[in-house]
Amino acid sequence: MPELPEVETIARGVDARVRGDQIVEAWFSGFKQPFKTSPKVQARGLEGSWILGVRRVGKHIVCALGSTYGGSKRNHGSGGAEDEPDREWIVHLGMTGRLLVTTPDAELAAHTHARLRLKSGREIRFVDPRRFGRLELREIRSGSGFEAAGQEPLTIGAEEFALMFRGRRLAIKAALLNQTLLSGVGNIYADESLFRAGIRPRRQAGRLTKAHLERLRRELVVVLEQAIRLGGSSVSDYVDAEGVRGFFQLEHCVYQRTGQPCLRCGTPIRKVIVGGRSSHYCPQCQN
DNA sequence: CATTTCACCTGGTGGC
DNA sequence: TGCCACCAGGTGAAAT
């Protein structure tokens, strides 16, 4: 479901609602997926912890947890500096995951896999019908917390971006989707940025000119930032932390517009499979 | 090693 | 209406 703009929107919303709150009790469903860390271990690490902040890393939502907050101590905490996170709860939404902040009496959605009851009386809920999402608890060792495997699309420089694709024979679309290269780009924003840059999805990544790659990087940043401003794309049932839909789907130029006229030249949009994913492009505007 | 394919899941849609 | 094939915003393991 969610790519960088949707995850960013959700992380911001959750952060605004739960920063400084304390987790009183954690409940988990009994499925094997989506638990990367066993529910028992997660509950042990979560209960009693304070939420120091929530941020996005790639397509992950990272909740920084601490044993202390403003002088208070966790029940069975283990020292450490004041308000320094000692563990992180990492949420990946997969295709259909949702992370919501609700009141305890809010109707329980089908496929709810986690409920974190907070001291304020609110609740964090993770809902995921397809169970492609992942919930993980990590202890923070030696300072630095969770880091994405690849580069952040919003901050990577022109040089580094171009260098990343050098010598690669795979299609540029597949390269954009590879999270160990860039973290955060998914099918919608790969298609939209390629359209705006005038590049066909099947073009070999390593054969694009530096100028083309720089145009692609800039358009990717533009499209991601615009999508964040509009609260992401609500293609199926995506909603933010408050249950509100995004509006960027209204701005899609090619994604899921197969057969419809290109908004720039009127040529019907085509769909092909690249890297196992549906890829939409304009045969006139993209070469 | 780089690249491609497939399995992991449920639900919605459109054809018959 | 019912059944079924097909599709979906992702990713990691297995195969090539």
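The structure described here is a predicted model.

In helix α2, which spans residues 39–46, the buried residues are Gln42, Ala43, Gly45 and Leu46. They lie on the same side of α2, because the arc they cover around the axis is only 165°. An α-helix has 3.6 residues a turn, so residues three or four places apart point the same way. On the face of α2 turned away from the buried side are the exposed residues Lys40 and Arg44.

Gly48 follows α2 and has a positive phi, near 95°.

## Aromatic pairs

The structure holds 3 aromatic pairs. One of them joins Phe28 and Phe35 in an edge-to-face arrangement, with 5.6 Å from centre to centre and 85° between the planes. Phe28 and Phe35 are both buried.

Another pair is made by Tyr189 and Phe248. The ring centres of Tyr189 and Phe248 are 5.6 Å apart and their planes meet at 35°, so this pair is tilted. The pair links distant parts of the chain, 59 residues apart: Tyr189 belongs to helix α5 (residues 187–197), and Phe248 to the loop between α6 and β11. Both Tyr189 and Phe248 are buried.

## Salt bridges

Side chains of opposite charge can pair when their charged atoms come close. The structure holds 17 salt bridges. One of them is between Glu139 and Arg87, at 3.8 Å from N to O. Glu139 is in strand β10 and Arg87 is in strand β6, so this pair ties together parts that are 52 residues apart in sequence. Glu139 is partly exposed because its relative accessible area is 41%, whereas Arg87, at 6% relative accessibility, counts as buried.

Arg115 and Glu123 form a further salt bridge, with 2.7 Å between the closest N and O atoms. Here Arg115 counts as partly exposed because its relative accessibility is 23%. Glu123, with a relative accessible area of 4%, is buried.

In the salt bridge between Glu136 and Arg138, the closest N and O atoms are 2.8 Å apart. Glu136 has a relative accessible area of 12% and is therefore buried. Arg138 counts as partly exposed, at 35% relative accessibility. Elsewhere, Glu8, Arg12, Arg56 and Glu152 are joined into one network by salt bridges that share partners.

## A nonpolar patch on the surface

Leu230, Phe247 and Leu250 form a nonpolar patch on the surface. Together these residues have about 310 Å² of accessible area.

Phe247 lies in the loop between α6 (210–229) and β11 (270–274). Phe247 has a relative accessible area of 47% and so is partly exposed, while Phe248 is buried.

Notes:
Residues numbered from 1 in each chain as written. Chains lettered and ligands numbered in written order. Predicted model: local features only at pLDDT ≥ 70, side-chain atom pairs only at ≥ 80, totals over all residues. Heavy atoms only, no water. Patch = residues over 30% accessible without salt bridge, like charges linked within 9 Å, V, L, I, M, F, W, Y side chains within 5 Å. Areas by Shrake-Rupley, 256 points an atom, 1.4 Å probe, with all protein chains shown as cover. Salt bridge = Lys/Arg side-chain N within 4 Å of Asp/Glu carboxyl O. Helix = DSSP H or I, 4+ residues; strand = E, 2+ residues; numbered from the N terminus. Buried < 20%, exposed > 50% of the residue type's maximum accessible area, 1.4 Å probe, protein only. Arc of directions from axis to C-beta. Phe/Tyr/Trp six-rings, centres within 6.5 Å; stacked < 30°, edge-to-face > 60°.
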